[in-house]
Amino acid sequence: MTAPVTPDQLCDYLTENGIAFHRTDHPAVFTVAETAPHRDEMVGHHTKNLFLKDKKGQIFLVSAEAHARIDLKRLHERIGGSGRLSFGSAELLLEKLGVTPGSVTAFAVINDRAGDVTMVLDATLANGDDVNFHPLINTATLRVSRDDLLAFFRSTGHEPLIVDLPVPPDGQNG
């Protein structure tokens, strides 16, 4: 197995591929709520990322706006999953995307060299505003343009599935 790309290697890759980014370093954050004190200095969409699998083992990385409510009971219908989705284990996350819980990020598809992961992007993030994602670690955030994010996905062989994520009818997540 090839070693996962490091955050510095990711930044080098972005630069080599003409993808502009702005990096903000901050203390480790593990949840969307923990990012709140650092958001004022970061413009653009803030994000959350879900590492999911369906009952047949198909793997999805779902990136959405940080405070999006997502109906996990119906999400499989929008993204082509087989049956309801569940969260992938920490072991599977490390194996497929080379990151640990708390550092899940759309940039992790760079480590999916086998193309096993389907990248799902909430349509809200494709509206033209800049987007913010961790660079494979949760002690920094990279801001990129929407167009550069799409170029990054394509350069790694991960054409994103851009969908309107389902919202739960009862106001609860999943």
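Analyst: One term before we start: a residue counts as buried when its relative accessible area is under 20%. Also, this is a predicted model.

User: Fine. Is F107 buried or exposed?
Analyst: F107 has a relative accessible area of 0%, which is under the 20% cut-off, so F107 is buried.

User: How many aromatic pairs does the structure hold?
Analyst: Four. One of them is F107 with F133, an edge-to-face pair with 5.9 Å centre to centre and 75° between the planes.

User: Which parts does that pair tie together?
Analyst: F107 lies in the loop between helix 3 (90-97) and strand 5, and F133 is in strand 6, so the pair links parts that are 26 residues apart in sequence. F133 is buried too, at a relative accessible area of 1%.

User: And F152 with F153, what geometry?
Analyst: That pair is tilted, with 6.0 Å centre to centre and 55° between the planes. Both F152 and F153 are buried.

User: Which residues form the aromatic cluster?
Analyst: Y13, F107, F133, F152 and F153 form one cluster.

User: Switching to helix 4. Which of its residues are buried?
Analyst: Helix 4 covers residues 146-155, and its buried residues are D148, L149, L150, F152 and F153.

User: What do those pack against?
Analyst: Helix 1 (7-16), plus strand 5 (117-122), strand 6 (131-133), strand 7 (140-144) and strand 8 (161-163).

User: What follows helix 4?
Analyst: G157, with a positive phi near 80°.

Key:
Residues are numbered from 1 along each chain as its sequence is written. This is a predicted model: local features need pLDDT of at least 70, side-chain atom pairs count only at pLDDT 80 or more; totals for chains, interfaces and linings use all residues. Side-chain values use heavy atoms; hydrogens and water are left out. Buried means under 20% relative accessible area, exposed over 50%, partly exposed in between (1.4 Å probe, protein chains only). Helices (H or I, at least four residues) and strands (E, at least two) are DSSP runs, numbered from the N terminus. Contact means heavy atoms within 4.5 Å. Rings of Phe, Tyr and Trp (its six-membered ring) pair if their centres lie within 6.5 Å; planes under 30 degrees apart count as stacked, over 60 as edge-to-face and the rest as tilted.
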